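Subject: Structure for your review

Dear colleague,

Please find below the structure that I am handing over to you. My findings follow directly after it.

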Amino acid sequence: MTRRPCLAAIAALTALAACGEIGAPTRADIYEWRIISTPDTFAFHWPREQLPVRIWVQDIHDLPMHTQNAIDGWKSGFLYREWDAVLVDDSLDADVLVLSKFPNGPTILLGRVDACEGYTDLDLDTETKVLTLPIRIYAVPRYDPDLEETKACFGIVMYHEIGHAMGIFRHSLDPDDIMYFNPTTASPTRRDFQTAEVLYHAPATVTTAHPGD
Amino acid sequence: MKKPLLLLLLASLPASAQAQLDYYARLGLTGSSALVRDVLFQPYETKQGISPTLVAGFSIPVGTDNRLGIEGQLTSGPLRAETSGEGGSSDADLGRLTTFSALANAEGTVSGPVRWRIGIGLIKYLPSEEAGLFAQGGPLRYFVGGGLDFRRPAFPGWDLMVSARYDFHRFTTEELRDRGFTQAQGVQRGSLTAGLARSLGIAR
């Protein structure tokens, strides 16, 4: 082999190296996730140093399984491990509590599916923009909890409420999305995932604190 | 292109093929350019850090001075997503990434103990977990590569071999395509390795 083909190959390599960048998607198909109360905007996402988020779940109505499915599902929407969560045994050690009862007082976020209801209670100080942990999620059946439709409902509701606990503090206006106030889809849509992805890179204005901090 | 090269290898085998076999193994480091460049409020870059590399290969003579061979390379190291800008900087650990590549190559003499090597091959990505950009598995891509080898006798029957390699391929995954990423990222890798080589039956 002479050196001419070798030089030609090197030239071809250089030409190849010079071309080609991957094209990133615009991620423009999203919905509003922040609470906007003029002039304040309340935007929250878990900082990387607080991951994984610790979630304690009351062991009833298969809620631990539904919660774990929701964690796994939402995690799969991220490219760069922006969010993660684990189930913990001790409720005193948790950032998020999942309970099967009605909340004591008014809650900020309500999700309702035909056979069950879910609520997410955020202890958010609008003056200091501090979210006091734990976030409380309530999931309650409206009919017999052993009915198949109630079980399926808990699956949907846990996806929805974990979405709130991740930082999606608003509802989608599209009935196809899991974050619609009355969701019917079984898992997040591409729009849900893109919204979560974008919110984890947008500036957060809300910080967290534990009681007594 | 790989098939004709293999046919050429087989056709060139002399009757005493084993007597002219050249084989080697080397250890070293490989660096890579970004696998993915993304923009999420600010630029994001996913790349594999400088990673330990094991190379092994063999070749057989073709003509008076040239050889044809196969070279395998195993590289394993951390995969990280880095961002920096007005919104701050962060560095996310995305687990471990292993790549295995096989290069069908031709080689010849540049000058004295320095030889060139160039070829085409396949590279397989083997992530430690199927998540993120590898949620649907690691891709298999073709690549072109080449480099220089320096050899000098070190022990009886063994040569010291120091090699520099460069290769280029275009990277994307099923997951990235599903998420709306278009085209593919040009990825360049460079490695520096050192090891031992042995020639069986070649008169020196």
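Helix α3 of chain A covers residues 148-166, and at 1.5 Å a residue its 19 residues should span 27 Å; the end C-alpha atoms are 27 Å apart, which agrees. The expected span is 1.5 Å times one less than the number of residues in the helix. Helices (H or I, at least four residues) and strands (E, at least two) are DSSP runs, numbered from the N terminus.

This is a predicted model, in which local features need pLDDT of at least 70 and side-chain atom pairs count only at pLDDT 80 or more, while totals for chains, interfaces and linings use all residues. Residues are numbered from 1 along each chain as its sequence is written, and chains are lettered from A and ligands numbered from 1 in the order in which they are written.

Of the 19 residues of α3(A), 14 are buried, so the helix is largely enclosed by the rest of the structure. Here a residue is buried if 20 or more other C-beta atoms, placed from the backbone, lie within 10 Å of its own, exposed if 12 or fewer, and partly exposed in between. After α3(A) comes A:G167, with a positive phi near 135°.

The axis of α3(A) comes within 8 Å of that of helix α2 (residues 63-75) of chain A, and the two cross at roughly 55°. Axes are lines fitted to C-alpha atoms, for helices over the stretch in contact, and angles run from 0 to 180 degrees between N-to-C directions. α2(A) and α3(A) are therefore oblique to each other (under 35 degrees counts as roughly parallel, over 145 as roughly antiparallel, 65 to 115 as roughly perpendicular and the rest as oblique). Among the residues that make this contact are A:H66 and A:W74 of α2(A) and A:F154 and A:Y159 of α3(A). Two residues are in contact if their C-beta atoms, placed from the backbone, lie within 7 Å.

Elsewhere in chain A, A:A28 lies in the loop between α1 (3-18) and β1 (35-37). A:A28 is exposed, with 7 other C-beta atoms within 10 Å. A:A28 and A:R191 are 163 residues apart in sequence, yet 8.9 Å apart in space, C-alpha to C-alpha.

Turning to chain B, there are 2 helices and 10 strands, in the order α-β-β-β-β-β-β-β-β-β-α-β from the N terminus. Buried residues account for 36% of its 204 residues. The contact between the chains takes 34 residues from chain B and 25 residues from chain A.

Yours sincerely
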